[in-house]
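Subject: Structure handover

Hello,

Here is the structure I promised to send over. Please open it first, then read the notes below alongside it.

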Amino acid sequence: MKHFHFFIICSLALLGSQFLLAQAPKKIIIEHSDFADVNQAEIPDALLMQGNVRVNHDGVVLTCNKAYFFQKENYIKAFGNVQLVQGDTLFLNSKYAEYNGNMKKAFATGNAVMTSPDATLVTDTINFDRNTQEVFYNSPGTIINKENVLKSKSGKYYVAEKKFQFLTAVTITNPTYVIKTNHLDYYSNSGHSYLLGPSTITSKANYIYTEKGFYDTKKNLAHFLNKSYIKYDDRIIKADSLYYDRNREFASATQNVKITDSINRGIVKGHYAEIYKLKDSMFVTKRAVAINFVENDSVYIHGKKLMITGKEGSRIIRAYNNVRFFKTDMSGKCDSINSSSKTALTKLIGNPILWNGENQITGDIMHLIGDTKTQKLDSLKVLNNTFLVSKDTLGTGYNQVKGMNLFGKFLDGKLHDVDIIKNTEVVYYMRNDAHELIGINKNVSSKINLIFNKNAVETITFFKQVDGDIYPEKDLPENARKLRGLVWRGEERIKSKDDIFPPEENEDNDKIAKATKAENDKKDVPLKIRKETVNYGKKRK
């Protein structure tokens, strides 16, 4: 039994000694020197080496013109044409360097240059920690990576990940653009950049601002979050999330999208948009609305889909599916809209209805016509089955004008006078200045003219072949007070800019607002590293 105990103790002692040997720092090995000497007076406890000095430590090779080797400390100081090489992944050149074999740390200064397969760093002083495989510097540095030149006041390089991290005054200069930020993670092999905090990307084509973003400097693809926008000469695109392809000058925007056109004085909003700059076109959906500023007023146009195409002066706005629009004194609905800035013509297509004040106007074809020079609203044209209806202000009846076609003129943006021609019919409640009912005017004629004042009928005039009379209310039966084809749609009237959106789109908008707030609260959290960054250059199984 005693022999067994002695065997166990010896075995543990042997294992312990092997563990200590395994943990002990490896010694720096001198492979070559043209001349070696010891001078205790000048350099105590050091070996002086000169000429083609070459030492090796745990896979790192250091060469220089002259070196002091402190064997006890496992430490070396190197002078002149110093180069430290780690495999084929890192080359560190400088005028002077120090290397600690026990700590596995290097320090290089004097025109220090670090070279990896993908980038070159030039700065005054470089530190290299082999334990963590990190290179760091705190002096102004320049990194050259193919077409990109990066400058910063300090930075880190993670050798295994091939990642530079900069936290102060960072600039990337490319032949096409310049990136400026205070926090940048840059992967030198893939050219992928991750931005955090206020950052800008400036080029001849545009100006980009973001506070959280990704940019692929090789493919010129980007994704931006947090208060990001792209600014062209005449257009600004804002959204919670922006995807950008510089090669195609294409951008897609998601959530709280706002596109401002400074030249055409318009804004387009929605929760998803695609913008094709080279084609001067955009597509917007999900609570989409186009807002145009006209004559000190705003026109809001909503459809499930909005498409805007063409250059300035030839721009066309198309809205599809359940279109609604609103202006302070006018609103309407139809299946789709086509509005051209070149012809100043807006076509209301498919079941159009227009409300001018309290007046409801319907017809098969409806056109709003503007002045091509001033772009102000000039006239209204309604063709086939025209109906103009308003409720009697004090009674339960309806003022009605019916005819084949309607032609109206605007004055200062408001409908001023209207001509209704061919097969015209009218039912109109006549009241005096005291608002007392005089009678009900019911007649037919060839043409009717109405003059509006403050969106209400001020005068009505009948032309040619007038046949009818003013009837006392008691003498005109209820069923005779409505013209054939009358459909009152007052409950559908759009009374505010918020009414142009259906309830389901408002519900989605509220959900998006909550999601946006939650995301903005995480503004200081960097973007998650993409799979294509981590797996760049790796062979697929």
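Asp 280 counts as buried, because its relative accessibility is 17% and the cut-off for buried is under 20%. Please bear in mind that this is a predicted model. Asp 280 sits in the loop between strand E22 (266–276) and strand E23 (281–285). Its phi is positive, about 50 degrees, although Asp 280 is not a glycine.

Asp 58 also has a positive phi of about 50 degrees, and it is not a glycine. Its place is in the loop between strand E3 (47–57) and strand E4 (60–70).

The whole chain

Now the overall picture. The protein chain has 3 helices and 38 strands. Its C-alpha trace spans about 130 × 70 × 45 Å along the principal axes. The radius of gyration is 40 Å. A compact globule of 541 residues would have a value near 24 Å.

Buried residues make up 47% of the 541 residues. The accessible surface comes to about 28500 Å². Carbon and sulfur atoms account for 53% of that surface.

On contacts, take the pairs of residues at least 6 apart in sequence. Of these contacts, 39% join residues at least 24 apart.

On charge, the chain carries 78 positive and 61 negative side chains. The centres of the two sets lie 5 Å apart.

Ser 33

Start with the loop between strand E1 (29–32) and E2, where Ser 33 has its place. Which residues does Ser 33 touch, leaving aside its neighbours within four places in sequence? They are Met 49, Gln 50, Gly 51, Asn 52 and Val 53. Met 49 is 16 residues away from Ser 33 in sequence, yet the two C-alpha atoms are 6.0 Å apart.

Two buried serines

Ser 252 is in strand E21 (residues 250–261). It is buried, with a relative accessible area of 11%. Beyond its neighbours within four places in sequence, Ser 252 contacts Ser 241, Leu 242 and Tyr 243, among others. Its contacts also include Tyr 272, Ala 273 and Glu 274.

Ser 154 is in a loop, between strand E11 (148–152) and strand E12 (155–158). Ser 154 is buried, at 15% relative accessible area. With neighbours within four places in sequence left aside, its contacts include Tyr 137, Asn 138 and Ser 139. Phe 166, Leu 167 and Thr 168 are also in contact with Ser 154.

A buried lysine

Lys 327 lies in strand E27 (residues 316–327). Its relative accessibility is 8%, so Lys 327 counts as buried. Lys 327 and Asn 148 are 179 residues apart along the chain, and their C-alpha atoms are separated by 51 Å.

Two exposed loop residues

Gln 71 has its place in the loop between E4 and strand E5 (75–86). At 57% relative accessibility, Gln 71 counts as exposed. Its contacts, apart from neighbours within four places in sequence, are Lys 27 and Asp 45. The C-alpha atoms of Gln 71 and Asn 292 are separated by 80 Å, with the residues 221 apart along the chain.

Glu 42 lies in the loop between strand E2 (35–38) and E3. It counts as exposed, because its relative accessibility is 58% and the cut-off for exposed is over 50%. How far is the C-alpha atom of Glu 42 from that of Ser 446? The separation is 122 Å, and the two residues are 404 apart along the chain.

Best wishes

Key. Residues numbered from 1 in each chain as written. Heavy atoms only, no water. Helix = DSSP H or I, 4+ residues; strand = E, 2+ residues; numbered from the N terminus. Rg over C-alpha atoms; globule rule 2.2 N^0.38 Å. Buried < 20%, exposed > 50% of the residue type's maximum accessible area, 1.4 Å probe, protein only. Contact = heavy atoms within 4.5 Å. Areas by Shrake-Rupley, 256 points an atom, 1.4 Å probe, with all protein chains shown as cover. Lys, Arg positive; Asp, Glu negative; His and termini not counted. Charge placed at Lys NZ, Arg CZ, Asp CG, Glu CD.
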